[in-house]
Amino acid sequence: MSNAPSPAALAAVVAEPLEKGTSLWHDAWLRLRKNRLAVFGMWALGIIAVACLLGPFVSPYGYEDQNLDLGAVGPSGKHWLGTDTLGRDLLVRLLYGGRVSIAVGLSATLVALTIGVVYGAVAGFFGGKRDAFMMRTVDIMYSLPFPIFVILLMVFFGRNIILLFVAIGAVEWLTMARIVRSQVMAVKKMEFIEAARSLGFGRRRIIFRHILPNILGPIIVYTTLTIPAVMLLEAFLSFLGLGVQPPMSSWGVLIKDGAEKMEEFWWLLVFPGTIFSLTLFSLNFLGDGLRDALDVRSSKD
Amino acid sequence: MTAARELARRFRPRSGNPGHPPRGRQPRAAVSRLLSPVTCLLSALLFFTGCPQRETAVQRGNRDQILHRSLGYDVVDLDPHLVTGIAEGEVMRALFEGLVAEDPENLHPVPGMAERWDVSADGLVYTFHLRADAKWSNGTPVTAADFVASYRRILTPSLAADYANMLYILQGAEAYHKGANKDFSHVGVSAVDPRTLRLVLEHPASYFLALLVNPPWRPVPIAVLEQHGRSDQRGNAWTRPERIVTNGPFVLKKWTPNQVMIVEKSATYWDAAKVRLKAVHFYPMDSRDAEERAFRAGQLHITDAVPVAKIAAYRRDSPHLLRIDPYLATEFLRLNTQRAPFTDPRIRRAFAMAIDRESLMKALGGQVKPAHAFTPPDTAGYTPAARIETNVAAARALLKEAGYEGGRGLPVIEFLYPNSENVRVMAEALQEMWRRELGVEVRLINQDLKVTFAARRSGDFQMMRSNWIGDYLDPATFLDIFRGDSGNNYTGWSNSSYDAALFAAARTIDPAARRELLQKAEALLLEAVPIIPIYYYTHVFLKQPSVQGWHPTLLDHHPYKHVWLEN
C-alpha cells in the first residue's frame, strides 16, 4: 500500500480549481432539475417503466389466466386492483398492457424520429426545388386523416403487432420532418457551417456532424411529445379493435373495456385510466421541461 | 321472422354479481346511493347531458301512438323473398301479410289474407279462401293469382333466393327450383278462382300453417315489380319508399339508411280498424351501449338487446323496464370440416369436449343455459337425448390420438366472430379454455358482420361463431339446416344417414316415431361435431311500461297490429 499519489491524479487535483467549466448539457441538466414538474415526470415514468418490466415476474397471476367462477370483483388483498369480468387480475394485465403501450410508444417514435430527421434535414439543407417537392409531399400526407391511414395500413398488412409499431411510426414523422427542416434552414446560414464548407467537407458530413448536433434540442423535445401522441393513437386503434388482439392487453384495450363497464365495475376504468393519464402527463411535463432547459431562447417567450 | 336468422348482436344477459354492493344505474332514482364518487360523476355526466326537460320522443309517441324501436343493424333490403336477417324480419312483419297471421300471445295461425281454409283428410291439400277486402296499398285486390306468381318467383332459379328451400314442402317445388322441371304447372300451387288458392304438399306437416307466416311465403305485387325491372332477378329497386306496394297493416313512409325507417298505418289494410299504432319508427343501432343510452334518454320504447354488464343493475333498480323472454335459439360454433385440422372428427370432438359450459355461463350471465346438444330442449315436445359432455381428459386423449399430444404440432386456429362486445367475452373465455386444457393456440379475429357472412359463404374460415333462431315451433327448423343440400349448412359436412333420417321424419306422422328419427339425426350430428353447441338463448331487452300487447313468445314475433301505447 503506497501513499504516494500518482502523477496523473496530482495533475487532476491541480487542474480542477483552475478550469471548472460546465458543458452545455450539464447546464441544461441543472435547469431541468430546477423544474419540479419535469423531475416528477421523470420519477413517475421511471417507476411505471420498472414496474411494467419487472412486475409480471413477481405476480402470481398471468395476464391470460381466467377465473370464470370469480368474475369481476373489486380491489382486494388477493387482487390489488380487482379483476375483470373473466376473472383476470387487473394489476397484471395493466403491467403487461404497459409493456405493449410503452413498447409501441418508443419504437414507433424511433421510426418517426429516424424518417423525420433524415427527411427534414435533407430537405432543409438542399433547399430549392428539391425542398419544395419533398415538403409538398409531406403536405399531401398531412392532408390524409391519420387514423384512417393507419387503419388502411392495418387492413392491408394484417394485424401484426410489429406492423402496428411501424404503421404508427410511418404517420407520425411528418411534423418531425417540418420542425427539423426549419431548424436546419436557420442553422445552415451560420458561420460555422460556412467554415465547414470552406474546409471542403462533404454534404453528408456537414448535415450529420455539424448541423444535426446543433438542433438536437428541438428534436429531443419533440420526441418526448411524440411518445404520448403515439400511445394515444395505439389506445385509439385498440379501442376500435384494430390494435393488439386478445388475450393480450394494452392500456387502450383496458380503457375501452373499462369504459363499457364503468357503471358496474368502476375499477376497470379508474385504474387503467389513471395510470395512462399519469404517463401522458409525465411525458408532457418532461417534454416541456426539456424544451425550457435546452432551448433557452424559446423558454423566455 | 323468416328462415335462417343469424342473429347479429343479440345480447346475452349477465347475472348480478352477488358479492358487491348496489350501484346506481337508473341515475335519477339512484344517484344518492352511488358509492363511488367517480361512478357518480360519470353517471351524472352521462345522464344529464342526455336529459333535457322537454318532452321526449317516447312521451310524444305515447300520446300519438308512435312506437320507437331499435334494430340490431340496418335493414339490407325489403323484398320479402330475399331478406334473411332478423332486423328485416321485424320490418316485414309490419309491411307484409301472408295467407295466415299470428296470434300475438301464442303465435297460433289466425286468418290473414285468407279468411278461412280447408285441409284435406290426408293433410296434403290446403284450400285457402282469400278475403274480399284483401288489398294492396295501391288499392288493387290481393288475388290467388298474386300468390301463385309470388311462389313462382321465389322458386325461379335465377332469383337465387336463400330461403327458396322453405317452399320445398310444396309438391314439385324442389324439382322446379333445381331446374329439373321447367313447367310451373307441376308445382302444387294453383288458383282455383281469384279468391281461392290451393296448395298441395309433398308430405303432411303439422307445422305447415306456422311456416306460412314467414316472409318467403308472403305475396309480392308482381305487376309493380315488372314496372321497375325484371321480377325474377335480383337488383330490382321496387322497394324504394316511393315505389313499394305492400299488403300489411303498415306502409313504408321513409327510409334513410343508417338512420331511421318509418312505417305508417295503412288505409287499405283489411283490418285497419283494429290497428292502433299510427306509426312505427325503426332505428338501426350497432352499439348496445348507445341503444341503452337512447332508451334511458326517452328516445326508444323497445331495444333490441341490453349490454351484458348492465342487466344486473336493471334487475335491481328498474325491473319493470327489463324483459327476459324465452327464445328458441342456439349459440354454436361452425367448424369448417373441409379445412385442416378440422377435417379430423377427433380434433373437432376434442375442441367440443374441452369447453366447460357451466363456468362459461357465469361469464355470460345467469340468463342463458349451457347447450350440450343443438336443438333446444322441449322444442314441440322434443328434447335431444344425445349430448356432448365436458370431459377434458377424453378431449386430451382424442387430440393425442390425432397426433397432436398437448397441442404440439397443431397450427394456430383462427376463430372468426363479428364485432360485438358480448361475443368477445365468450370468444376470450373459449380461447383460454382451449389453451389451458388442450394447449392449442386460437387466434381471435373480429370482423364486421357482413365480412363474416361473406367468409361463411365462401368457406374461408376455420371456426366461426354462429347462432340459429327457430322459424317455427318444431325441431326440424334446427336440424334441417345441416342437411347436405341446405343453403345454411356452411360447414362442408354432409352425411347420407342424417339426410335420410330427416327425410323420413318429415314424412312420418306418428309423433313418437318421428321424434325417434329426429333423435337419430341429432345423435349423428353430435357424433360428427361439425358444430359445437355453446348455449341456448333467452331474449333480454328493455321495454317502456307504456308498450302494451308485447307478449313473450318463443320465436320473438310481436305482430305490430296488436301492439298499442298507453300512458
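Where is the place of B:N138 in chain B? B:N138 sits in the loop between β5 and α5 (144-155) of chain B, helices (H or I, at least four residues) and strands (E, at least two) being DSSP runs numbered from the N terminus.

This is a predicted model, in which local features need pLDDT of at least 70, side-chain atom pairs count only at pLDDT 80 or more, and totals for chains, interfaces and linings use all residues. Residues are numbered from 1 along each chain as its sequence is written, while chains are lettered from A and ligands numbered from 1 in the order in which they are written.

The scores of the model are ipTM 0.71 and pTM 0.75. For chain B the average pLDDT (the predictor's confidence in each residue, from 0 to 100) is 86, and 90% of the residues score at least 70.

| Element | Mean pLDDT |
|---|---|
| helix α1 (residues 27-30) of chain B | 40, the lowest |
| strand β5 (residues 125-130) of chain B | 96, the highest |

Residues 1-35 of chain B have pLDDT below 50. Where pLDDT is low, the predicted coordinates should not be read in detail.

Between the C-alpha atoms of B:N138 and B:Q171, 33 residues apart along the chain, the separation is 32 Å.

In helix α14 (residues 421-438) of chain B, 14 of the 18 residues are buried. Just after α14(B), B:G439 has a positive phi of about 75°.

Notes:
A residue is buried if 20 or more other C-beta atoms lie within 10 Å of its own, exposed if 12 or fewer, and partly exposed in between; C-beta atoms are placed from the backbone. Two residues are in contact if their C-beta atoms, placed from the backbone, lie within 7 Å.
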